[in-house]
Amino acid sequence: METLQLRVTETEDLTAQIRKIVLKQAEGLPLPAAKPGAHIRVHIGGAFDDTRAYSLLMLNDHSTDAATHLQYEIAVKREDAGSGGSRYMHALNVGDTLVCDRPRHDFKLEPPDQTCAVLLAGGIGITPIFAMAGALSREGRPFHLHYAGRDRSQMALLNELAVIAGENLKIHLDQQDSQLDINAILRSMHADQHLYVCGPAGLLDTVLAMAKQAGLPATQVHFELFSNPAVSASTDSFQVRLAQSGKTYVIPPGKSILQVLQDHGEDPLCDCCRGECGVCQVGVLEGEPDHRDYVLSDAEKAQGKLIHICVSRSKTPMLVLDM
Ligand code: FES
């Protein structure tokens, strides 16, 4: 895939843990077009040799149809107990360069209409939602924005959001009367409204389950997961056998099937690495998958014939995969 060489031109601490990083191409050349909800995948160098996806804030875009951009802005939350990607990003200085993939646009606003969009962000999941709110505001489209966090000091972009969303911004703080009430939000929605959600897996799982229960059609629920805790939350190891080669690999806690296969020189298809896109799906010939993806229907999960190897694990000691 064609990559971009980007230079860090500015950094700013938005909170004690969240840093804004501004990226430009050399000599001010325009950057590829991106729309609200788009993200770039940054190649993390040094000892990490990995990639991380960051949503574009689109702070200064005045048109969602802009053909090009002069800069991308991202916001990175430092996770001291994480795998190192955010620490690498926080150590960047002005003048450093990064290799990034071109913007991807998996989390999209629906085409303009006059139904009121409902945006819901948890924590650093505000980043794509911020870009969407900005676009809706500029286009004069109605929306409500719910932003949930532990406390205000840990929530980025509050002032900017107040300007963009005005009284349509609702801040939900843990441990307070304003705590996020997902059922209340769903109850307040009309049948034709669309819900856009970004946050950690716990929030996403809850919202998706409640939206389904409330009868909101899946086509009106749009979401993006900003982290991949499902894999790191695992505590058990299991084995995977590849039916075609007969090779067997041990999948330890904290590593996905995909990562282990890549570590051993296999080259399975993958894209999002977060259980959202479906690209890494393979057949299951033996064993029972422990599904952690957002792709399969409940019926498909119950059948246990398919697995998304970037996030899902095994309930049985061995999985035999059709690959
Ligand atoms: S790579 Fe996207 S679901 Fe696995």
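Biologist: In what order do the 5 strands of the open sheet that contains β14 lie, and what is the pairing?

Modeller: This is a predicted model, and in it the order of that open sheet is β13-β12-β18-β14-β16, with mixed pairing. Neighbouring strands of this sheet are turned by 40 degrees against each other on average, direction ignored.

Biologist: What makes β13 and β16 edge strands?

Modeller: β13 (248-251) and β16 (306-308) each have a single partner strand, so one side of each has no neighbour in the sheet.

Biologist: How do you know that β14 and β16 pair, and in which sense?

Modeller: Two strands count as paired when there are at least two bridges between them; β14, residues 281-286, and β16 share 3 bridges, and therefore they pair, in the antiparallel sense. Within this pairing, Gln281 stands opposite His308 of β16.

Biologist: Which strands make up the open sheet with parallel pairing?

Modeller: That sheet has 5 strands in the order β9-β8-β7-β10-β11. At its edges stand β9 (169-173) and β11 (221-225), each with a single partner strand, so one side of each is left without a neighbour in the sheet. From one strand to the next, the twist averages 15 degrees.

Biologist: What makes β10 a largely enclosed strand?

Modeller: A residue is called buried if 20 or more other C-beta atoms lie within 10 Å of its own, and 5 of the 5 residues of β10 are buried, so the strand is largely enclosed by the rest of the structure. Leu195, Val197 and Gly199 point one way from β10, whereas Tyr196 and Cys198 point the other way, and all are buried.

Biologist: How many bridges join β10 to β7 and to β11?

Modeller: β7 (residues 117-122) pairs with β10 (residues 195-199) in the parallel sense over 4 bridges, with Leu119 as the bridge partner of Tyr196. The parallel pairing of β10 with β11 runs over 5 bridges, and there Gly199 stands opposite Leu225 of β11. The chain passes from β10 through α5 to β11 in a β-α-β crossover that is right-handed.

Biologist: How do you know that the span of α5 agrees with what its residues should give?

Modeller: At 1.5 Å a residue, the 13 residues of α5 should span 18 Å, and the end C-alpha atoms are 18 Å apart, which agrees. Helix α5 (residues 201-213) lies across β7, β10 and β11, and runs at about 165 degrees to β11.

Biologist: Why are the buried residues of α5 said to line one face?

Modeller: The buried residues are Leu203, Leu204, Val207 and Ala211; seen down the axis of α5 they fall within an arc of 95 degrees, so they line one face of the helix. In general, an α-helix has 3.6 residues a turn, so residues three or four places apart point the same way. The buried residues of α5 pack against β7, α4 (182-187), β10 and β11, while the face turned away from the buried side carries the exposed residues Gly202, Ala209 and Gln213.

Biologist: Why is Met58 called buried?

Modeller: The cut-off is 20 or more other C-beta atoms within 10 Å, and Met58 has 25, so Met58 counts as buried. Met58 lies in the loop between β4 (50-55) and β5 (72-77), and has a positive phi, near 55 degrees, in a residue other than glycine.

Biologist: What makes Cys273 a buried residue?

Modeller: Cys273 has 23 C-beta neighbours inside 10 Å, so against the cut-off of 20 or more it is buried. Cys273 is found in the loop between α7 (257-263) and β14, and its phi is positive, about 60 degrees, although it is not a glycine.

Definitions and conventions: Residues numbered from 1 in each chain as written. Predicted model: local features only at pLDDT ≥ 70, side-chain atom pairs only at ≥ 80, totals over all residues. Helix = DSSP H or I, 4+ residues; strand = E, 2+ residues; numbered from the N terminus. Axes fitted to C-alpha atoms, helices over the stretch in contact; angles between N-to-C directions. Contact = placed C-beta atoms within 7 Å. Expected span 1.5 Å × (residues − 1). Buried ≥ 20, exposed ≤ 12 C-beta atoms within 10 Å, placed from the backbone. Arc of directions from axis to C-beta. Right-handed = clockwise from strand over helix to strand, strands pointing away.
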